[in-house]
Amino acid sequence: MSSPDPHSANSPQQASDARLQQKPARHGLVGLTLAGLVVSMLGLSYAAVPLYKMFCQVTGYAGTTQRAKAAPLKASKELITVRFDANVSRDLDWQFKPAQRSITLKIGEEKLAFYEATNTSDKPITGTATFNVTPAIAGSYFNKIACFCFTEQTLEPGETVQMPVSFFIDPDILTDSDSKDVKEITLSYTFFVVKNQKTTQIKKSNANGSL
Amino acid sequence: MSTQAHAADHHDHDHKPGFVKRWLFSTNHKDIGTLYLIFAMVGGTIGGFLSMGIRAELAEPGMQIFSNPHMFNVFSTAHGLIMIFFMIMPSLFGGFGNWFVPLMIGAPDMAFPRLNNVSFWLMPPALTLLIISLFVEGPSGMNGAGVGWTVYPPHSTSGHPGPAVDFAILALHLAGASSILSSINFITTIFNMRTPGMTLHKMPLFVWSMLVTAFLLLLAMPVLAGAITMLLTDRNFGTTFFDPAGGGDPVLFQHLFWFFGHPEVYVIILPGFGIVSQVISTFSKKPVFGYLPMAYAMVAIGAVGFVVWAHHMYTAGLSLDTQAYFLAATMVIAVPTGIKIFSWIATMWGGSVRFPTPMLFAIGFIVLFTLGGVTGVVLANPGIDRAFHDTVYVVAHFHYTMSIGALFTLFSGWYYWFPKMTGYMYNETLGKIHFWMLFIGVNVTFFPQHFSGMAGMARRQADYPDALAGWNMISTIGAWISIAAMAVFFFAMALAFVRKQKAGDNPWGVGATTLEWTVSSPPAFHAFEKLPKVK
């Protein structure tokens, strides 16, 4: 140091080695606490996976539909139209289409709709369907009682099956100011090939689902 | 005391380790800071080269230099990742942080010097992995990861079967681990090693900015690590976190990524806030206006930064109420940011203001950042964002704030501390030429992108309609001006090292009140053997 240091010039007590004055143990404590914070954030990022799924199921977020045991006893007189949409992943050699374009039903009334899937490949394939409804706000009011999408579906080569979905629209949709004007809901499925499937022997699942 | 200090100085000089031990096994905060700064220059040069590739491709409609559009995406991906993780962060956080946090709080070194060494030496392998990713297969038959810095699945999973994305992910793992380790180091140093009298509320604002940045990294980086680890296992080990075929959801990745990504943009700019506060106070010969609001505005920006992430995902199907919340929360950030802008201006107000190069860059930063902040408030609106999403309007916005904004704070700090770090004075005229050329260059590059973006110019696309050729030509001219400005910079730096004009301990005069100006230039290998006392 070529010039005198104004801050340290008048304190001879400070002259002992600065490094001796530190308390390494306290460093360790702070360091470990911070490392704990890092580990817990890492844990939280993994915890986000089930929490996110739960959040969507509970709130009907992004058009996630609900599951119910039975339709309400009394249906409303209001009518609503449900349209059906079908998509297949590029990797899946299936044809998949709704058996009807749309159904108009009373709100609260239980209805049964069918989709038709054909395995166009020469080997058995297991597929699984993801689903949602549009508009997304209708997700929490769209209830499925039974659906082929609840389980994985296996189709033999060339096999065609009718896949049922039974559903109703919760009458509460009429009391929610955000959704009461919804007159048409589109139910959409996308079939994906199930990863890591055993190609040799797959138990033939009941294509009629739980009906 | 003076002679004592002198003797201590000599003692240190005698015990400076040899080259390999000093630079490869370094535990000295100043040497590690220097390594970070050199590393950032390497990263910045590569990242700058990649950005010129982007501009060369976009110079005219049609394909210019790339044979297929994927290569264009590879360039912009690598440009983004390198500039963020291997240029801005190593320079502002690693470089200046290591150099000046201990000096400013009167500490002899960092709390964990060997950890500091590990933090730095994780970075070169990380950059190497990222560069390797450019040369290995990504999509079938093509090289490199063209996934954008956001690495969204399914493009980064089923869209890139080759190992390029894996290399990029591992590069981010290493860079992230490095950031987490240095964050732990900085926080421990700032909490435990302040010299007597240096209370938290007396710390220079640069140290405050580093403290907030370190906490942001500590909380955000592990989430990125988690998300990209899930991506890695989805790609290689058959998990289905983001794959709907196995019950996953690709949108979850976007949530996790932006929970990291938004705090990350404040990680990039907060150290710059700190630098600009020091520089403006120094060259206005006034203490910074509203010190405490300035410090807590940074804390507020950091805290609110964690609850606005979904404004990057307005088009991903958020409900109306959710969009309303994220709109409001995002706009709230403009309040503490506004406090900072106003306080910087108020610091200059009535001050004895001089305009050497660091001050020019600081004021240039305020101009750029305010402009970018205004477009940020525009983009906070989901309705407008739907139209502007993934256009170069967004590119202009984030370059004005976290890219060239951060770059201007970086140069401000560089010119401000260059005399302290090297002991040499740079050529003021060349510095000013550098500033004006760069200021004109970046504005000519990015300002037209507001217009072309509004007209529908998409980002991440190698080609565009003829109607947008005019704005793109102007942007490309601006990019060349900026490159020329960088040539002036490197020339000015080389000249400073050739001329070796002595700078003196405090070349900036009475306005420079922080502790680093009380030690010699360059500081002794071990400064503050005796703790300075702060009144």
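User: Where should I begin with chain A: what percentage of its contacts with a separation of 6 or more comes from residues 24 or more positions apart?

Analyst: In this predicted model, residues 24 or more positions apart account for 78% of the contacts in chain A that have a separation of 6 or more.

User: How many helices and strands does chain A have, and which pattern do they follow along the sequence?

Analyst: Chain A has 2 helices and 10 strands, and, when one reads along the sequence, they follow the pattern α-α-β-β-β-β-β-β-β-β-β-β. Of the 211 residues in chain A, 43% are buried, while the accessible surface of the chain comes to about 11,500 Å², with 56% of that area belonging to carbon and sulfur atoms.

User: How should I read a nonpolar core, and which residues have the most contacts inside the largest one?

Analyst: The general idea is that in soluble globular proteins, nonpolar side chains tend to be buried together. In this structure, the largest nonpolar core has 180 residues, and those with the most contacts inside it are B:F85, B:F86, B:F96 and B:W417. Helix 4 of chain B, residues 69-105, gives the largest share of this core, 22 residues. A second, separate core has 34 residues, including A:I103, A:Y115, A:V165 and A:I169.

User: Which residues does B:F86 touch, leaving out those up to four places away in sequence?

Analyst: With those neighbours left out, B:F86 touches B:F39, B:A40, B:G43, B:G44, B:L81, B:M123, B:A126, B:L127, B:L130 and B:A175.

User: Is B:R235 buried or exposed?

Analyst: To read this, compare the relative accessible area with the cut-off, since buried means under 20%. B:R235 has a relative accessible area of 17%, so this residue is buried. B:R235 is placed in helix 7 of chain B, residues 205-236, and a polar atom of its side chain lies 2.7 Å from the backbone oxygen of B:S156. Apart from neighbours within four places in sequence, the residues in contact with B:R235 include B:S156, B:T157, B:H160, B:P161 and B:D166.

User: Which residues make the nonpolar surface patch, and which elements give two or more residues to it?

Analyst: The patch, of about 630 Å², is made by B:F447, B:F451, B:M454, B:W471, B:M473, B:I474 and B:I477. The elements that give two or more residues to it are helix 15 (428-454) and helix 16 (469-499) of chain B, and helix 16 provides the largest share, 4 residues. One residue of the patch, B:I474, has its place in helix 16 and is partly exposed, with a relative accessible area of 31%.

Conventions:
Residues numbered from 1 in each chain as written. Chains lettered and ligands numbered in written order. Predicted model: local features only at pLDDT ≥ 70, side-chain atom pairs only at ≥ 80, totals over all residues. Heavy atoms only, no water. Patch = residues over 30% accessible without salt bridge, like charges linked within 9 Å, V, L, I, M, F, W, Y side chains within 5 Å. Areas by Shrake-Rupley, 256 points an atom, 1.4 Å probe, with all protein chains shown as cover. Salt bridge = Lys/Arg side-chain N within 4 Å of Asp/Glu carboxyl O. Buried < 20%, exposed > 50% of the residue type's maximum accessible area, 1.4 Å probe, protein only. Polar contact = N/O pair within 3.5 Å; in protein donor to acceptor, adjacent residues only side chain to side chain. Contact = heavy atoms within 4.5 Å. Core = buried A, V, L, I, M, F, W, Y, C linked by side-chain atoms within 4.5 Å.
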